[in-house]
Amino acid sequence: MPPFWGANQSGTLAGAQKDTRGQFASWDDVNVLAHGLLQLGQGLKEHVDRTKGQVRDIAARLRAFDGTVAELGRQTQRLERDGVALRGGAGVLREREERVLNASAQLRQHAEELRRESQRFGDRVARLEEKVDGMLQREDMGVANGNYSDHRTIQWMLETQNKRIDDLVERIRQQQEKLEKQNVRIRTLKNQIQLRKARPFLRRKAEEDTQNDSTEQSDPPLKVASDCHQLFLGGERSSGVYTLQPAGSQPFQVFCEMTSEGGWTVIQRRQDGSVDFDQQWQAYRNGFGNLKGEFWLGLEKTHSIIKDREYVLQVALSDWRDAAQSIRYVFRLDGEEKAYALHLQDTTIGGLGSALSTEPSGLLFSTRDHDNDQKADSNCAKLLSGGWWFGSCEHSNLNGRYVPGQPSKPRHQWKQGMFWKTWRGRYHPLKTTVMKIAPAEIQHSS
């Protein structure tokens, strides 16, 4: 009996050990599995943290967008008030007011939809955060217990929610584009309405300015002065812009320089390079520039002033060392049929040497499209970038390019600048030039 019992006992133990090995994995396998689940849980947690960051960023963008919507709402209210104020105006504005109101209504509708969408999105984000926190807790427990179902559920929900977030962001972007287009339309319509409202005022203002200018100039009620010296004799002592009307001419404005000896009519001024003097014949005929800055009065206007009397031309120059010189000529100017030929007599006053021909035949005026200079193989006006009374291209040009600063090499960079050759040479750039005219009697009035 004992031997039989011992044999049975040994068989029973062997069977138990065999069943145990079949039911449980080894301890190393359990450690590997647990470690893998922990890494998976950690990766899932990092993904959830990134998702939270994206959600917070979207929420911040929504808050900023809410501020934009609020500002657009305020603009809409202002536009509505403007529309109400304009309803009593001219009938031409009614259609534009209706367009503004319709655009405002559409803007309010889009804004309200965006607010509702933002609220729904905020609620979804809050619910998602609660679910993620709960699932993370269950995931930690599941990893310890070897349960994978929660992990798959969380992954699916995160992918679904990410897609919803992307769709929502795209919808917000589209709504923002629509709102921006509506805002541009509203601003455009508002500017058009304000411009229409301002036009009658601007017309009245222009008429008042014209009347004020006429009053300030103290022009005679029945006869306008023919030059600035006549204004001086009439009592004017302030330099500025005045209206002249020489005999046989339409009225036009000039800049008068009032001095102790009389009134000078300025026909050219260069001082800062603000006006391009590389112009064609028609521009030099009619004049261009700003009478309070740089300008060329116009050959036809100058001719209309001096055609019936003997006049003096004064040329005053300064350079970049602030040195100044001047010269005066008794002169005569032909009309357009003779290309505004300039006839000069001997110089009278000034320390500047002459750089203009005093030949009886005179100098024809020349521009890039009317080549009247005396140099057969060149177009001086085109070469030197400005219209002038050229003999050759080498003596003077006060209408050339404005070149600031002291001369430097290479010389060709200064060739097109303003120059007066008898004053320090061909390549000495000028800072300012003024050409002005007055009746010849002015030299004897002082």
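Visitor: Which two cysteines have sulfur atoms 1.9 Å apart, with one of them being C228?

Guide: A disulfide is a covalent bond between the sulfur atoms of two cysteines. Here C228 and C256 form one, with their sulfur atoms 1.9 Å apart, where a disulfide is taken as a pair of cysteine sulfur atoms within 2.5 Å. This is a predicted model, in which local features need pLDDT of at least 70 and side-chain atom pairs count only at pLDDT 80 or more, while totals for chains, interfaces and linings use all residues. Residues are numbered from 1 along each chain as its sequence is written, and side-chain values use heavy atoms, with hydrogens and water left out.

Visitor: Where in the chain do C228 and C256 lie?

Guide: C228 belongs to helix α5 (residues 228–233) and C256 to strand β2 (residues 252–258), so that the pair links distant parts of the chain, 28 residues apart; helices (H or I, at least four residues) and strands (E, at least two) are DSSP runs, numbered from the N terminus.

Visitor: Why is the disulfide of C228 and C256 called left-handed?

Guide: The torsion about their S-S bond is about -75°, and therefore the disulfide is left-handed.

Visitor: Are C228 and C256 buried or exposed?

Guide: Both are buried, meaning under 20% relative accessible area, with exposed being over 50% and partly exposed in between (1.4 Å probe, protein chains only).

Visitor: How many disulfides are there by this rule?

Guide: The count comes to 2 disulfides. C380 and C393 also form one, with sulfur atoms 1.9 Å apart. C380 lies in helix α8 (residues 380–384) and C393 in the loop between α8 and β9 (396–397), so this pair ties together parts that are 13 residues apart in sequence. Both C380 and C393 are buried.
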